[in-house]
Amino acid sequence: SEGMLWGGRFTGGIDPLMHQYNASISYDSRLFKEDILGSIAFARANAKSGIISNDDFVEIERGLHEVLKEWEGGHFVIKSNDEDIHTANERRLGEIIGKNIAGKLHTGRSRNEQVVCDMRMWLRERIREIDSQLVALVKVITGRAESEIDYLMPGYTHLQRAQPIRFSQWLMSFGFAFMNDVERLRECLKRVNKSPLGCGALAGNVFNIDREMMAKELGFDDILWNSMNAVSDRDFVTEFLQWGSLFMQHISRWAEDLIIYSTQEFGFIYIADAYSTGSSLMPQKHNPDGLELLRGKAGRAFGHMSGFMMTQKGLPSTYNKDLQESWEPMLDHVKTISDSIQIANGILSTLTIRPERMLAALDPFMLATDVAERLTKLGVPFRETHHIAGRCVAKSEELGIPMNELTLEQLKAIDSRFPDDIKEIFKYESSVEAKSARGGTSRSSILEQIKVLRAMLG
Ligand code: ARG
């Protein structure tokens, strides 16, 4: 334990595996910059309250900028005793400006506040990046929904042909889901962007440190108002893990639809080569690997979320080393989600649709509801019209001819109230256009949706 920053009361050596098991430097070192900025803010506030001299602060700040340069230049050398980014930076500062002054950096401070300060600053920036990536994806969706509004396809329930829709209606259904994700992410960011600095190990700061000043310098919106809460809270990580899980659930369903649509059997879309792979054995294969990974990585995201919730369940108050287990799920989640959004954007921007295959998959039975609705418009109660249309379906099956080829006489024989123009409803275009109430699949309703979604994008 000699050489460790906390080694004062320790006499025996540490088991080398225990040292490795305990260390977080392999993953938290990427937060060198947040850690250094947090330290500068802390030292400045300590100088303001007078517990360290202004000269000491100037020296500490100069030294920390040196350390930062080493990291940025790629020549910071991590030593075997560097347990985490906090101890590594402080050790190096001591080598540069001397231990006498460097030893004052940590005055009144605990790693318990420091670690969450770093994590919150880092996650805040990643959330902002993810926000703009997601906004870009929603823009691709609205763009395609607008330019490809002419194309009709089957809409499914239970994966059975249900009613005709516009391709754009499918696109926009995910546009709104992703936009809700954007809103939820912004809500999450509010709780991430609060400063724990000045909360000490758990009980607070004895040197009357100016917490607001540090928070402001570091770009936080507010301070955390309870010291015990500040050092034990990892809800900001959990909430992000939950947010990302819900987002990945959406992207996974989106991907699954596209996987189905890209099969030879459906053939509604063609995934660009850039997001597909071939088979090492079967030369004809064009597999939708990008989409399958979007679907598969959702499982990994849910695992991080539930795993970290289990880690926290039953922990006693304030800091316990278990909390260090928040790092890896957070880091991996950010990468998974950020990569996934960009891959989804690439796939959607480059896929080609095959409108003739979409049209060919429509069948007249998908207009059975329209048959019922035509009679309903004439005042026949819907429960009755539903039954009448059902008999048309049965007739068509019995005769083995498509429903739209039943003659007017055959239809009138089923129910004499069928109007002479009943066969007009056997048009897919009129069927989708009939869904003209807000939110429906008619052209005007979709154009309105696009407007609404763009307004939400701001
Ligand atoms: N590496 C630690 C973590 O990530 C930093 C906090 C250490 N605090 C402590 N009391 N040992 O949680």
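Which helices do the buried residues of α12 pack against? I started there, keeping in mind that this is a predicted model.

**Entry: helix α12**

I looked up the partners, and the buried residues of α12 pack against α11 (235–261) and α13 (327–350). Then I listed those buried residues: Gly290, Leu291, Leu294, Ala298, Ala301, His304, Met305 and Phe308. I also checked the length of α12, which runs over residues 289–312. Its 24 residues should span 34 Å at 1.5 Å a residue, and the end C-alpha atoms sit 35 Å apart, so the two values agree. After α12 comes Gly314, and I noted its positive phi, near 80 degrees.

**Entry: the loop from α12 to α13**

I moved on to Thr318, which is placed in the loop between α12 and α13. Thr318 is not a glycine, yet its phi is positive, about 60 degrees. Is Thr318 buried, exposed or partly exposed? I got 18 C-beta neighbours inside 10 Å, so Thr318 counts as partly exposed.

Asn320 is in the loop between α12 and α13 as well. For Asn320 I have 13 C-beta neighbours inside 10 Å, and it therefore counts as partly exposed.

**Entry: the ligand shell**

Which residues are around the ligand? I wrote down Ser24, Asp84, Arg111, Asn112, Val115, Tyr319, Leu323, Gln324 and Trp327. Sorted by class, this shell has four nonpolar, three polar and two charged residues. Helix α7 (residues 111–147) gives the largest share of the shell, three residues.

**Entry: domains**

I have the protein chain split into domain 1 (7–107), domain 2 (112–360) and domain 3 (364–426). Between domain 1 and domain 2, the C-alpha centres lie 33 Å apart. Their contact takes 16 residues from domain 1 and 19 residues from domain 2. Which helices each supply at least two residues of the side of domain 1 that touches domain 2? I found α2 (25–28) and α3 (32–49). The largest share of that side, 10 residues, comes from α3. By class, the side of domain 1 that touches domain 2 has seven nonpolar, five polar and four charged residues.

**Entry: what UniProt says**

UniProt, in an unreviewed entry, has "domain: Fumarate lyase N-terminal" over residues 8–303. In the model, that span is 62% helix and 6% strand, and its end C-alpha atoms lie 39 Å apart. The unreviewed UniProt entry also places "domain: Argininosuccinate lyase C-terminal" at residues 365–433. I get 59% helix and 0% strand for residues 365–433, with 17 Å between the end C-alpha atoms.

**Entry: Met172**

Next I picked Met172, which lies in helix α8 (residues 167–192). Why does Met172 count as buried? I found 27 C-beta neighbours inside 10 Å, and the cut-off for buried is 20 or more, so Met172 qualifies. Leaving out residues up to four places away in sequence, Met172 touches Ile141, Ala145, Ile446, Gln449 and Leu453. I also looked at Met172 with Gly439: the two are 267 residues apart along the chain, and their C-alpha atoms are separated by 9.9 Å.

Where is Leu159? I placed Leu159 in the loop between β1 (152–157) and β2 (160–166). Leu159 has 7 C-beta neighbours inside 10 Å, so it counts as exposed. I checked Leu159 against Asp257, 98 residues apart along the chain, and their C-alpha atoms are separated by 9.9 Å.

Last one for today is Asn208, in the loop between β3 (194–195) and α9 (211–217). Asn208 has a positive phi of about 50 degrees although it is not a glycine. I counted 14 C-beta neighbours inside 10 Å for Asn208, and it therefore goes down as partly exposed.

How values were computed
Residues numbered from 1 in each chain as written. Predicted model: local features only at pLDDT ≥ 70, side-chain atom pairs only at ≥ 80, totals over all residues. Near = placed C-beta within 6 Å. Helix = DSSP H or I, 4+ residues; strand = E, 2+ residues; numbered from the N terminus. Nonpolar A, V, L, I, M, F, W, Y, C, P; charged D, E, K, R; others polar. Buried ≥ 20, exposed ≤ 12 C-beta atoms within 10 Å, placed from the backbone. Contact = placed C-beta atoms within 7 Å. Domains from an automatic or database assignment. Expected span 1.5 Å × (residues − 1). UniProt positions renumbered as here; feature names shortened; annotations may be inferred.
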